[in-house]
Structures are given as structure tokens and as C-alpha cells.
Amino acid sequence: MKKGVQSYTVRNYMIDRDMFEYSMKRIKAIGYESIQCGRGPGMTDAETKAMLDDVGLVPCSSGGEFEAMRDDPEAIKKAIASAHAYGTKYVAIGTLPDSQRYSVDGYKQFAADINRIGKELAKEGCGILYHNHALEFYSFGGGKRGMDILFDETDPSCIYFSLDTHWLASGGVNPPDWIYKAKGRMPIIHFKDYAIGSGAEMVEGVIKLFAEVGEGNLDWGAIVKACHDTDIEYAIVEQDICKGSPFDSLKTSYDNMISFNV
């Protein structure tokens, strides 16, 4: 697997073009090969790609806005052009809109919408890449969770997943099980650990923490084996909150990934 970084981890450093380049160089110097990011500040897709080429980081996906693509065919064309500019086929979108998170029908409508968008993207060699959080694991009863609906109701030929190890654990499921479930549909995985703080505000009111890979409670041996078994292309580190410097955090995750044979 190629090791990379989701640029959200260093978002506070990417305030202008110079700091964007500085951040990309710091990430490359740690040893990472890939980046998942949008346009650099004040930059076009072409300018961003040229800078990443100079630094030596390969973009693993591009970005798209679900609601814009749902409502405007021109937004789909722009997403395709952006993906082509970065040399990727994966157009990443965020979690489904709030209004669709509370019912089976909401999930089914979202699945239908991204299927339609995905089929348009597929005409130009692209597809949707969906990134989960914990909320998709809400159970609607009868063993049917939101994420089950998204897997069952979407087209494997154009809808892909970028599951997140921390959010899988936070959703109450075993990360390796879902990695195997997504075989053939998950080119990119997000790596971050799931840790518990040492204190509690009340009995069992423990604090869930984002942690560097290998510094929390996840079974990384089983996770990495599942990733290799399912031929995942990119292991992308994303840490939403870091205790100190995000670059130090990324270095810790990278070193532990090496030890885990990522």
C-alpha cells in the first residue's frame, strides 16, 4: 500500500500558497508518498497538481460536492475535469446530508442520488468515493444499519468507499470485518487510531480520542492483514485533532505503519 496523508490533518498550516507548499514538503520528508487534498489556497487544480508533482506527492483522489452534483450537471462536469487534472478516478464526497440521516428512506434516496452521479462520472472513467463517520452505523432495526443500506443499494461499478478505522470502531463495529466487506470497492482506507482518555466526568463517561496509528486500542495487525488481503491501494492517515504538532503526529503514525508492514 502507498502511505499518504489527508490534508485536513494539517489544515491550520495551509493558510496560503507558501504554507501549503511547506506543509506538502514536510509530509513528503516524513516519507509519505501520497496526499488527499483539494486545491491549494488561491490555486487552480493544474497549479496544485504541478506543485504536488514537484514535491513528489501523488494525489489519490479529488473532491466533489454531493449536493452541487445532485442538482447541477455542470458540477459533475467540473468534478470530472478536476479528477482528470489530478490523474485520479476517485471523486471524494463527505457524509450524507443531515436531512437524510434519520430514516431508511433518506439513506435509500442518497444511495439513488449517488448512483446517478456515479454513472455520469463513470462515462469519463471516474467514480464516487464515500467516506464514512460513525453516524452511518445507526440501526434502524432488524439488523439494518445506515451503512448496510449504502453498501446494498449502491452500484459497485461506480460507487467506492474510503472507510475510516477510527470511525468504524466508534460506530461499534470491527474494522477488519468491514474492510473485508468492502473488498473490491475500497481503493483507499483512512487510518487513525481509537483511544480512550485516562479520566471520566462520570462513571463510565470516558472520553473518546483521536490517536496516532498504533497509539490507541485498535488491532493494527488484523487491520493491516485485512488491507493486504483486499488489495487496498492507499493507506491515508487522517487525524482530526492532534495533541501537539500535526507533523509530529504524522511522523509517529508513519513510523508505526512501517513497523506494522503497511
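Residues are numbered from 1 along each chain as its sequence is written, and side-chain values use heavy atoms, with hydrogens and water left out. In this predicted model, local features need pLDDT of at least 70 and side-chain atom pairs count only at pLDDT 80 or more, while totals for chains, interfaces and linings use all residues.

**View 1. Met51 in helix α2.** Met51 belongs to helix α2, residues 45-55; helices (H or I, at least four residues) and strands (E, at least two) are DSSP runs, numbered from the N terminus. With a relative accessible area of 7%, Met51 is buried. Here buried means under 20% relative accessible area, exposed over 50%, and partly exposed in between (1.4 Å probe, protein chains only). Apart from neighbours within four places in sequence, Met51 is in contact with Arg17, Phe20, Glu21 and Met43, where contact means heavy atoms within 4.5 Å.

View 2. Look for Asp45, Thr48, Lys49, Met51, Leu52 and Val55, the buried residues of α2. Down the helix axis they fall within an arc of 160°, so they line one face of α2; the arc is that of the directions from the helix axis to the C-beta atoms. Their cover includes α1 (17-30), β2 (34-36), β3 (58-59) and α4 (73-86). On the face turned away from the buried side you will find the exposed residues Ala46 and Asp54. After α2 comes Gly56, with a positive phi near 100°.

**View 3. Two edge-to-face aromatic pairs.** The structure holds 15 aromatic pairs. Rings of Phe, Tyr and Trp (its six-membered ring) pair if their centres lie within 6.5 Å; planes under 30 degrees apart count as stacked, over 60 as edge-to-face and the rest as tilted. The ring centres of Tyr90 and Tyr160 are 5.3 Å apart and their planes stand at 80°, so this pair is edge-to-face. It links distant parts of the chain, with Tyr90 in strand β5 (residues 90-93) and Tyr160 in strand β7 (residues 159-162), 70 residues apart. Tyr90 is buried at 9% relative accessible area, and Tyr160 counts as buried at 10%. Trp167 and Phe210 also form an edge-to-face pair, with centres 5.6 Å apart and planes at 75°. Both Trp167 and Phe210 are buried.

View 4. Ring pairs join Phe66, Phe110, Tyr130, Phe137, Phe151, Phe161 and Trp178 into a cluster. The charged end of Lys181 sits over the ring of Phe151, 5.4 Å from its centre. Lys181 also lies over the face of Trp178, at 5.2 Å from the ring centre. A charge sits over a ring if NZ of Lys or CZ of Arg is within 6 Å of the ring centre and within 35 degrees of the ring normal.
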